[in-house]
Amino acid sequence: MNENTFWQLIEDCRPTGSDPDFERLAAALTEHLAQSPVCVVTGFAEQLAWALYRLDRRELGQNLSGDAFLYTRCAVVAAGRALFEDVLRDADAFTPFATDLIWAENLLYTPVRAYERVTGEAWDHNTRYSYESYSNTGGWAA
């Protein structure tokens, strides 16, 4: 899955109306991916990890715990490509997510749940980039 396809999938699965914790988005993504070949599921996981890794930067996460920072980065991704790119360009665009603790933790489990439905097996895949907080050493360099 390429980056454009990843962002289009998030847009296509976005529910109408309020979805404060992005739970309905995660459920729709899981359902879509569960109807796809395994390579699409793992491709989604790779693109998600890459997006979260790119947001793993000192100016965004220095005042948040590791979990809060991860789940908040997930919310930025769940909010869509335009906002994601705004945050990459201007750290101030991240402030509402960090201040209000807007989280989308369930987005992390989307490829795991879809993979298990597609294969009947437990997820055993390591992405090229780690999405864990503080793993992007370049983003945290002084």
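Predicted model: local features only at pLDDT ≥ 70, side-chain atom pairs only at ≥ 80, totals over all residues.
Leaving aside neighbours within four places in sequence, T110 is in contact with A26, L29, T30, L33 and F44.

Is T110 buried or exposed? Its relative accessible area is 0%, and buried means under 20%, so T110 counts as buried. The C-alpha atom of T110 is separated by 8.8 Å from that of V41, a residue 69 places away along the chain.

Which residues does V41 touch, once neighbours within four places in sequence are left aside? They are L33, P111, A114, Y115, V118 and W123.

V41 can also be placed relative to A122. The two are 81 residues apart along the chain, and their C-alpha atoms are separated by 13 Å.

## The nonpolar core

In soluble globular proteins, nonpolar side chains tend to be buried together. Here, the largest nonpolar core has 37 residues. Those with the most contacts inside this core are I10, L29, F44, V77 and L107. Helices α1 (3-13), α2 (23-34), α3, α5 (66-78), α6 (81-89) and α8 each supply at least two of its residues. Which helix gives the largest share of this core? That is α5, with 9 residues.

Not counting residues up to four places away in sequence, V77 touches F6, W7, I10, L48, A51, L52, L55, F84 and L107. Two of these, I10 and L107, are named with V77 among the core residues that have the most contacts.

## Aromatic pairs

How many aromatic pairs does a search of the whole structure find? The search finds 12. In one of them, the rings of W50 and Y129 have centres 4.6 Å apart and planes at 45°, so this pair is tilted. W50 lies in helix α3 and Y129 in the segment after α8, so the pair ties together parts that are 79 residues apart in sequence. Both residues are partly exposed: W50 has a relative accessible area of 29%, and Y129 has 23%.

F69 and W140 form another aromatic pair, this one edge-to-face, with 6.1 Å from centre to centre and 85° between the planes. This pair also links distant parts of the chain, since F69 is in helix α5 and W140 in the segment after α8, 71 residues apart. F69 is buried at 0% relative accessible area, and W140 counts as buried at 15%. Elsewhere, ring pairs link F6, W7, F44 and F84 into a cluster.

## The largest pocket

Rolling a probe the size of a water molecule over the atoms shows where empty space is left. In this model, the largest pocket holds about 180 Å³ of space. Its lining is made of 14 residues, and A49, W123, H125, T127 and Y131 lie nearest its centre.

The elements that give two or more residues to this lining are α3 (38-55) and α8 (110-119). Helix α3 provides the largest share, 3 residues. By type, the lining divides into 9 nonpolar residues, 4 polar and 1 charged.

Most residues other than glycine have a negative phi. Where does F22 lie? Its place is in the loop between α1 and α2. F22 has a positive phi of about 60° although it is not a glycine, and its relative accessible area of 14% makes it buried.

L101 is another residue other than glycine with a positive phi, near 50°. It lies in the loop between α7 (95-99) and α8. L101 is partly exposed, with a relative accessible area of 44%.

Key: Residues numbered from 1 in each chain as written. Heavy atoms only, no water. 1 Å grid on protein atoms, 1.4 Å probe; cavity = no way out; pocket = protein on both sides within 12 Å on 5 of 7 lines; lining within 4 Å. Points joined across faces, edges and corners; volume = space filled by probe spheres on them. Helix = DSSP H or I, 4+ residues; strand = E, 2+ residues; numbered from the N terminus. Nonpolar A, V, L, I, M, F, W, Y, C, P; charged D, E, K, R; others polar. Core = buried A, V, L, I, M, F, W, Y, C linked by side-chain atoms within 4.5 Å. Buried < 20%, exposed > 50% of the residue type's maximum accessible area, 1.4 Å probe, protein only. Contact = heavy atoms within 4.5 Å. Phe/Tyr/Trp six-rings, centres within 6.5 Å; stacked < 30°, edge-to-face > 60°.
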